[in-house]
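The following exercises are meant to be worked through with the model open, each task being followed by a solution in steps.

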Amino acid sequence: MNNWFTSLNGAITLTALTIFSEAWRGFLDAMFVIAVEFNAPSSMQVAAIIFAVLFGGWTWALVLAWQGSRRALILTFGINLLVLFAVPVSWLFIYCPAACQAEAGIFNLANTLNLILGVLAAISMSFHLRRKST
């Protein structure tokens with residue numbers, strides 16, 4: 001297990017699962033948060049473009065990293081950290097304090113899953129990034 005976790009395949013797999021869990025969280029945001037907080041159609045369209053660019057770029061970088069690109073692996077690592085701190089970590093400490101989390105329902109599961117997978121992916125990628133490029 002330790003060899004898989006620190007391998008490129010482990011880092012890629014964990015990052016793919018992180019992208020999937022963040023996409024799920026993005027769909028929840030689109031259904032429940034964006035429509036309420038930003039009721040203007042233009043705000044919803046901007047949010048849709050941001051989500052599309054984020055997930056498209058993250059997935060493309062992951063594909064290139066899987067093909068062996070070290071730069072893409074660094075970009076994937078950076079996007080993972082950005083999303084990790086922007087969504088599940090900030091949600092826990094800033095956006096949704098304890099009283100909010102008591103009523104958050106499915107958001108708790110999505111954020112917890114995203115936090116765990118994002119941290120595991122970051123750790124796995126950091127092991128791989130510390131290796132010298134060949």
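**Exercise 1.** At what angle do helix α2 (residues 8-37) and helix α4 (residues 70-95) pack, and how far apart are their axes?

*Solution.* The model is a predicted one, in which local features need pLDDT of at least 70 and side-chain atom pairs count only at pLDDT 80 or more, while totals for chains, interfaces and linings use all residues. Residues are numbered from 1 along each chain as its sequence is written, and side-chain values use heavy atoms, with hydrogens and water left out.

Step 1: Helices are DSSP runs of H or I with at least four residues, strands are runs of E with at least two, and both are numbered from the N terminus. Axes are lines fitted to C-alpha atoms, for helices over the stretch in contact, with angles running from 0 to 180 degrees between N-to-C directions.

Step 2: The angle between α2 and α4 is about 40°, and their axes lie 11 Å apart. This makes α2 oblique to α4, given that angles under 35 degrees count as roughly parallel, over 145 as roughly antiparallel, 65 to 115 as roughly perpendicular and the rest as oblique.

Step 3: In contact terms (heavy atoms within 4.5 Å), the α2 residues Leu 8, Thr 15, Thr 18, Glu 22 and Arg 25 meet Leu 73, Thr 76, Asn 80, Val 83, Val 87 and Trp 91 of α4. The contact of α2 with α4 comprises five nonpolar, four polar and two charged residues, where Ala, Val, Leu, Ile, Met, Phe, Trp, Tyr, Cys and Pro count as nonpolar, Asp, Glu, Lys and Arg as charged, and the others, Gly among them, as polar.

**Exercise 2.** Which residues lie nearest the centre of the largest pocket, and which element gives the largest share of its lining?

*Solution.* Step 1: Of the 14 residues that line the largest pocket, Asp 29, Ile 34, Ile 50, Phe 51 and Val 87 lie nearest its centre.

Step 1: The elements giving two or more residues to this lining are α2, α3 (41-66) and α4, and the largest share, five residues, comes from α2.

Step 2: By class, the lining of the largest pocket holds 11 nonpolar, no polar and three charged residues.

Technical notes: 1 Å grid on protein atoms, 1.4 Å probe; cavity = no way out; pocket = protein on both sides within 12 Å on 5 of 7 lines; lining within 4 Å.
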